Amino acid sequence: MLDLVIRNGEVVTPQGVGRWTVGIRDEQIAYVGIDDPSMQAGRTIDANGKIVVPGGIEPHAHLDIFDLTNPDSGRSTLGPEEDTRGMAFGGTTTHLDFCFVEPSMEITKAIEERCARWKGNSFIDYSFHVGLMGAAPLKTFDQIADVIKQGFPSFKVFTTDVLPPHPKRISVRLDMGRIQLAMEKVAKNDGIMVVHAEDDEIVQFNYQRFAEEGRTEGHNLHLVHTKLSEELAFDRIIRVARASGAAVYFVHTSAREGVEAVVEARGHGLPVYAETLHQYALFTADDYKKARGFCHHTYPSLKYADDHKALWQGLVNDGVSTMATDEFPTTLEHKLLGKRIDNVTGGNLGAEARMGITYTEGVVRRGMSLQRFAEVTSTNAARILGLYPRKGVIAPGSDADIVLIDPALKKTLTRDDFHVSDYSPWEGWSVEGWPTTTILRGKVIVENGQLSGTLSDGRLVARKIDPVVLRRPAS
């Protein structure tokens, strides 16, 4: 006796797409194959006309975090109890947030505090990247091996402070010596580096120059956080990673030059992976000048149409492994608080729209295959970051995290389509296909516009990365 059976849908698996039946028992997928009419279950979902894909994995979220872009405001982003509601509606069943470790902190204690904040407060499953910040004492790096064994194998570093100095802004940048040390420790213990890569000297000089020239309007952000800055930083990190033997996951790749650097590295057999964001693939720097244009901003910055082409080529074919959001949920007033190059609020309120937007823009409008859609929205993040095969795939033995997308659902998005804040940057966007049912470990948590999940449904997921992913490009 199964708990749940899904019949008549177009099921997307690594082996192909077919009109198969999915059987679920005890939170896991028990069967994928040709329908057996005698198969009994506590409930049957008729997925006729729907596409059945793995539950989405959001690899890049910043919930309940202090906003360093506007430190005088004393504000933080919305918490997991608010934002994971939207993720559930949007077909995301697992998200990775960050546990940032300041130089005075111990990594394990920081993780414990972050886990306690999420426990009982998330509609979906979760884990955390460990963020190493500033001039961390060398003893901090000695903790990396134990932290990886505890199920947290991804370590975030910044090559830039992102914003200019401010009395209330802590330094987030790691010097290249500490980055190399982190890479050596991570490589030795089967972890991966997660990198925000920009050239700090160029970024900080541009802030100084633009301030002296009186060009501090926020619409100049792409001239501060430049394509060259990304290119230089990607190249440098790849060289240090090659020398250290470390695998690298570049977050929020925004420029053609970043994609090209990753493709070249992968061509040499290096385990280098690129993430991009849906807003980076669909908006340009020209949008900064529009009303509410800063709603689409996250650091580094929006770029140009030729960057769109490179990002989509990488997503549809190869070179860009994941579609993320850099989720940074706020109210509209908070998002639009800053107007200058040194205080425009970063991040994006987009996790709820991620699956639907990627389906429309990737599958419908750019010919992305359904298998590739599953890869960039779920499977690749699971493999690269250590959730696979528990997450990210419809296969026997995997968690029954499943989403049904209705390809016939065509509409222009409005505020009423979203469930987190008082706005969405995707209002007014035309979509063709949208998630209608979300299943977390066999439990239907969203169905036909109704939330039946609870804040106690989400669980911390320990991660372990397949060494194959860390030795050569595998996703």
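**Aromatic rings**

A: Start with a cluster: Phe98, Phe100 and Phe158 are linked by ring pairs. Keep in mind that this is a predicted model.

Q: How many aromatic pairs does a search of the whole structure find?

A: The search gives 11 aromatic pairs. One of them joins Trp426 and Trp429.

Q: How is a pair of aromatic rings described?

A: Two values do it: the distance of the centres and the angle of the planes. Planes over 60 degrees apart count as edge-to-face. Now take Trp426 and Trp429: the centres are 5.2 Å apart and the planes make an angle of 80°. This pair is therefore edge-to-face.

Q: Are Trp426 and Trp429 buried or exposed?

A: Trp426 is buried. Trp429 is buried too.

**Charges over rings**

Q: How do strand 15 and strand 16 run, and how many bridges join them?

A: Two strands pair if there are at least two bridges between them. Strand 15 covers residues 430–440 and strand 16 covers residues 443–447. They run antiparallel, joined by 4 bridges.

Q: What should I look at in the hairpin of strand 15 and strand 16?

A: Look at Arg441. This hairpin has 2 residues between the strands, and Arg441 takes a positive phi near 45°.

Q: How do strand 16 and strand 17 pair?

A: In the antiparallel sense, over 2 bridges. Strand 17 is residues 450–451. Glu447 has Gln450 of strand 17 as its bridge partner. Strand 16 and strand 17 also form a hairpin, with 2 residues between them. In that turn, Asn448 has a positive phi of about 50°.

**The cavity**

Q: How many cavities of 30 Å³ or more are there?

A: A cavity is a space where a 1.4 Å probe fits but cannot get out. The count here is 1 cavity of 30 Å³ or more. The largest cavity holds about 60 Å³ of space.

Q: Which residues line the largest cavity?

A: The lining includes Leu349, Glu352, Phe418, His419 and Tyr423. By class, the lining has 6 nonpolar, 4 polar and 1 charged residues.

Key: Residues are numbered from 1 along each chain as its sequence is written. This is a predicted model: local features need pLDDT of at least 70, side-chain atom pairs count only at pLDDT 80 or more; totals for chains, interfaces and linings use all residues. Side-chain values use heavy atoms; hydrogens and water are left out. Rings of Phe, Tyr and Trp (its six-membered ring) pair if their centres lie within 6.5 Å; planes under 30 degrees apart count as stacked, over 60 as edge-to-face and the rest as tilted. Buried means under 20% relative accessible area, exposed over 50%, partly exposed in between (1.4 Å probe, protein chains only). On a 1 Å grid over the protein atoms alone, a cavity is a set of points where a 1.4 Å probe fits but cannot get out, and a pocket is an open set with protein on both sides within 12 Å along at least five of seven lines; lining residues have an atom within 4 Å of a point. Grid points are joined across faces, edges and corners, and a volume is the space filled by probe spheres set on the points. Ala, Val, Leu, Ile, Met, Phe, Trp, Tyr, Cys and Pro count as nonpolar, Asp, Glu, Lys and Arg as charged, and the others, Gly among them, as polar.
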